[in-house]
Amino acid sequence: MMLYLYDMPYFNKEDFNFYGSSMSWDKRRFYDMIDKGMIKEWRPGGEKYGRAKLWELTHKGKSICSMVYKKLLMEEPISQEPRNNPIFKNSNYTDKIYKKIIQQMNRTKPDSGTE
């Protein structure tokens, strides 16, 4: 959800619900994100103001999205330290598979585009 909202400077609850319709049903998602400090009210709304409330991602939410994009674009490696990444504790078969994939991704350098 946060990656959808990352590109929007401000959004209303209808925008949130529109993107949420592409995910599993969770009627508390919006309020859980507020409680976790991922989104905050940007502009009040209601009858008093005659306009809809607008929301935005918090600094915490934007930082998480930025970090995910950097890892996906291989601008920074995914941690291989067990204390930072529980996948590297080898707790089950799936974790071992993901561990190999992450190690391969970290070895692969993105093409710089220069020759």
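Buried means under 20% relative accessible area, exposed means over 50%, and partly exposed lies in between (1.4 Å probe, protein chains only). This is a predicted model, in which local features need pLDDT of at least 70, side-chain atom pairs count only at pLDDT 80 or more, and totals for chains, interfaces and linings use all residues. Residues are numbered from 1 along each chain as its sequence is written, and side-chain values use heavy atoms, with hydrogens and water left out.

Start with D35. Its relative accessible area is 61%, so D35 is exposed. D35 forms a salt bridge with R28, with the closest N and O atoms 3.5 Å apart. A salt bridge here is a side-chain nitrogen of Lys or Arg within 4 Å of a carboxyl oxygen of Asp or Glu. R28 also meets D32 in a salt bridge, at 3.3 Å from N to O. R28 is partly exposed at 39% relative accessibility, and D32 is partly exposed at 26%.

Now move to K40 and E56. Their salt bridge has its closest N and O atoms 3.7 Å apart. K40 sits in strand β1 (residues 39–43) and E56 in strand β2 (residues 54–57), so the pair ties together parts that are 16 residues apart in sequence. Strands (E, at least two residues) and helices (H or I, at least four) are DSSP runs, numbered from the N terminus. K40 is partly exposed, with 40% relative accessible area. E56 counts as buried, at 12%. The salt bridge count comes to 5.

Which charged residue is buried yet has no salt bridge? It is R29, in helix α3 (residues 29–35). Lys and Arg count as positive and Asp and Glu as negative; His and the chain ends are not counted. Beyond four places in sequence, R29 touches M1, F16, G20, M23 and S24. Contact means heavy atoms within 4.5 Å.

F16 lies in helix α2. At 2% relative accessibility, F16 counts as buried. Its contacts beyond four places in sequence include L5, F30, M33 and I39. F16 and L5 are 11 residues apart in sequence and 7.8 Å apart in space, C-alpha to C-alpha.
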